[in-house]
Amino acid sequence: MSDLIQLEKRDHIAILTIANPPANTWTADSLAALAKLVEELNQDRNIFALVVTGQGEKFFSAGADLKTFADGDLARANDMAQRFGEAFAALTAFRGVSIAAINGYAMGGGLECALSCDIRIAEEHAQMALPEASVGLLPCAGGTQNLPWLVGEGWAKRMILCGERVDAQKALQIGLVEDVVPSGEGLSAALKLAEGACKQSPSSIARCKQLVMSARDGRSHGDGWRMERELFVELFHTEDQKEGVNAFLEKRKPDWKNQ
């Protein structure tokens, strides 16, 4: 396991901290570690939510270290592109609720990491950009696909094609983040939201997330409704469904089994 990704567990919440100062850049090892950690968290039935943040007060993550690509090595470029893709695809597919606590600059692959989470909270001093084209590259870890879904084609083109950087308030205005909090309060805000997610049935959350994400696949409205009905009935094979309904009727807190 890479020391560049730190893991902490608090009750049902996992906190992953990108820890590669000064800019919390991604490396081949840290990307592999992220993918492995998310898979392990998927197997840990005691974990319902995941918070991702950056070490320190200035950077969430500045993305890849450009020195990696300075010599134009094709094999290295291919390896890093694959590792970025695998890591952030794993993060996107996390079965619980994932929240990015953007505590500073989120640039390139750093922003793509945040885009792979379900929800984004930005501290008021945060800055976000996908500046790859300014150095002859392009976002290769979901940036061109996820950003338009959140902010629309126009703002996605401004950020990707024109290199426009947005601050936290503009990010909130265009739908890139869901909340802005004072500097230093991003993690606590994310944890509070994660605690709310942990009160929900993990079995239900996993299926709701599957349904919401499936809307990106271009399926028809009718297919989406059909999937809703099918997954609703599927929940009746889980312990959480029985526990949730009976806990409500008995006026007590549910004890989720995550199965």
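Mentor: Start with Thr53, which lies in strand S3 (strands are DSSP E runs of at least two residues, helices H or I runs of at least four, both numbered from the N terminus). The model is predicted, so local features need pLDDT of at least 70 and side-chain atom pairs pLDDT 80 or more, while totals for chains, interfaces and linings use all residues. Residues are numbered from 1 along each chain as its sequence is written, and side-chain values use heavy atoms, with hydrogens and water left out.

Thr53 counts as buried because its relative accessibility is 6% (buried is under 20% relative accessible area, exposed over 50%, partly exposed in between, with a 1.4 Å probe and protein chains only). Its side chain makes a polar contact of 3.4 Å with the side chain of Asn103 (a pair of N or O atoms within 3.5 Å, one able to donate a hydrogen and the other to accept it; residues adjacent in sequence count only if both atoms are side-chain atoms). Set aside neighbours within four places in sequence. Thr53 then contacts Leu16, Thr17, Ile18, Phe60, Ala101, Asn103 and Leu187 (heavy atoms within 4.5 Å).

Now the wider setting. The largest nonpolar core has 48 residues, and Ile102, Met128 and Leu176 touch the most other members (such a core is a set of buried Ala, Val, Leu, Ile, Met, Phe, Trp, Tyr and Cys residues joined through side-chain atoms within 4.5 Å). Strand S3 (49-54) is among the elements giving two or more residues to this core, as are strand S2 (13-18) and strand S5 (97-102). A second, separate core holds 18 residues, including Ile13, Ile15, Ile121 and Val181.
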